[in-house]
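Here is a short report for a first look at this protein. Please keep the sequence and the model in view while you read.

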Amino acid sequence: TYAPAAGQGYFEPLPASGPVDAPVIVTEVIDFKCGFCAARHGFIKRLQAEFRDVRFVVKHLPFVDATQSELGAIASMAANRQGRFSEYADMLFRHQKDSWTQQKLTEYAQELGLDVPRFLADLGRPSLRSYVRMDKQASDEVEVHGTPTLFVNGRVLSDTGFMRQDPAAVRDLVRAAAASVADRVAAGADLETARAADAGAHHPSGERFARLFVLNDVSDLRVDLRSR
């Protein structure tokens with residue numbers, strides 16, 4: 001196995017950066033065909049550069065184009081298998097207006113210097129399609145219906161904060177989340193439990209959000225893997 005799976009029910013590693021033991025998890029829900037996601041991509045990279053002690057996680061919600069959005073997400077996960085998710089995501093956003101065919105997505109992989117035969121084989125892996133559809137269903141379960149959406153341990157960055165690309169709004173959420181987790185750990189909780197409890201306390205879906213988005217446990221979800 002090349003890396004641990006994201007969580008129960010997943011068969012692929014989580015697209016993430018930052019310390020595994022970070023008290024705060026920032027989760028971005030994206031669609032690579034979403035124009036707003038592309039417009040905010042630089043802001044997210046700025047946040048990653050500022051918050052070195054925060055873990056950044058990506059969740060897929062392909063909906064703009066039923067076929068191309070999903071295919072782009074699957075391609076990003078194929079790149080993730082080679083440890084190149086971030087660079088491939090950058091490529092997808094730069095070429096968002098292209099028509100994404102298997103050939104075009106493979107050309108991006110070649111340009112990035114990926115192992116192309118491996119990438120091409122991975123594009124057809126059922127586990128990658130399953131991963132992307134599990135992500136989408138997880139979003140549906142907690143009523144995330146648009147992209148980009150940003151969570152800080154379950155706290156939703158307001159549309160105003162996201163549209164204005166306001167790092168101060170994110171700093172406030174990170175500070176509050178870190179303090180809450182620290183209090184729970186001081187009271188005797190382990191870090192994973194503390195993060196999940198904090199997220200559940202600050203999202204309308206409560207424990208359901210914590211399970212799907214913080215613990216990454218989708219073992220009770222089922223998806224249809226037939227082609228669309």
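In which sense do strand 2 and strand 4 pair, and over how many bridges? Strand 2 and strand 4 (residues 149-152) pair in the antiparallel sense, over four bridges.

## Model and conventions

This is a predicted model, in which local features need pLDDT of at least 70, side-chain atom pairs count only at pLDDT 80 or more, and totals for chains, interfaces and linings use all residues. Residues are numbered from 1 along each chain as its sequence is written, and side-chain values use heavy atoms, with hydrogens and water left out.

The mean pLDDT of the protein chain is 95. In all, 98% of its residues reach 70 or more. Here pLDDT is the predictor's confidence in each residue, from 0 to 100. Among the elements, helix 3 has the highest mean pLDDT, 98. Helix 7 (residues 159-163) has the lowest, 85. Helices (H or I, at least four residues) and strands (E, at least two) are DSSP runs, numbered from the N terminus.

## The sheet

Two strands pair if DSSP finds at least two bridges between them. Strands of a sheet pair through backbone hydrogen bonds, either parallel or antiparallel.

Start with strand 3. Strand 1 pairs with strand 3 in the antiparallel sense over two bridges. There, Ala16 has Val57 of strand 3 as its bridge partner. Strand 2 pairs with strand 3 in the parallel sense over six bridges. In strand 3, Arg55 is the bridge partner of Ile25. Strand 2, helix 1 and strand 3 make a right-handed β-α-β unit. A crossover is right-handed if, with the strands pointing away from the viewer, the path from the first strand over the helix to the second runs clockwise.

Now move to strand 4. Val29 stands opposite Thr149, and Thr27 has Phe151 as its bridge partner. Strand 4 and strand 5 run antiparallel and are joined by two bridges. Val152 stands opposite Arg155 in strand 5. The hairpin of strand 4 and strand 5 has two residues between the strands, and Asn153 takes a positive phi near 50° there.

## Covered strands

In a regular strand the side chains alternate between the two faces of the sheet. How many of the six residues of strand 3 are buried? Six of its six residues are. Buried means under 20% relative accessible area, exposed over 50%, and partly exposed in between (1.4 Å probe, protein chains only). Arg55, Val57 and Lys59 lie on one side of strand 3, and Phe56, Val58 and His60 on the other.

Strand 4 also has buried residues pointing both ways. Thr149 and Phe151 point one way, Leu150 and Val152 the other.

Helix 3 (residues 85-94) is mostly covered, with seven of its ten residues buried. These are Phe85, Tyr88, Ala89, Asp90, Met91, Leu92 and Phe93. They pack against strand 2 (25-30), helix 1 (35-50), strand 3 (55-60), helix 2 (68-80), helix 4 (102-111) and helix 5 (116-123). Contact means heavy atoms within 4.5 Å.

In helix 5, Phe119, Asp122 and Leu123 are buried. They sit on the same side of helix 5 because they cover an arc of only 105° around the axis. The arc is that of the directions from the helix axis to the C-beta atoms. An α-helix has 3.6 residues a turn, so residues three or four places apart point the same way. The buried residues of helix 5 pack against helix 2, helix 3, helix 4 and helix 6 (126-141). Asp115 caps the N-terminal end of helix 5, with a side-chain oxygen 3.2 Å from the backbone nitrogen of Arg118.

## Backbone details

A cis peptide bond joins Thr147 and Pro148, with omega about -5°. Pro148 is found in the loop between helix 6 and strand 4.

Gln165 is not a glycine, yet its phi is positive, about 50°. Gln165 is found in the loop between helix 7 and helix 8 (167-186). Asn216 is not a glycine either, and its positive phi is about 55°. Asn216 is in the segment after helix 10 (207-214). Are these residues buried or partly exposed? Gln165 counts as partly exposed because its relative accessibility is 27%. Asn216 counts as buried because its relative accessibility is 7%.

Technical notes. A polar contact is a pair of N or O atoms within 3.5 Å; within protein, one must be able to donate a hydrogen and the other to accept it, and residues adjacent in sequence count only if both atoms are side-chain atoms.
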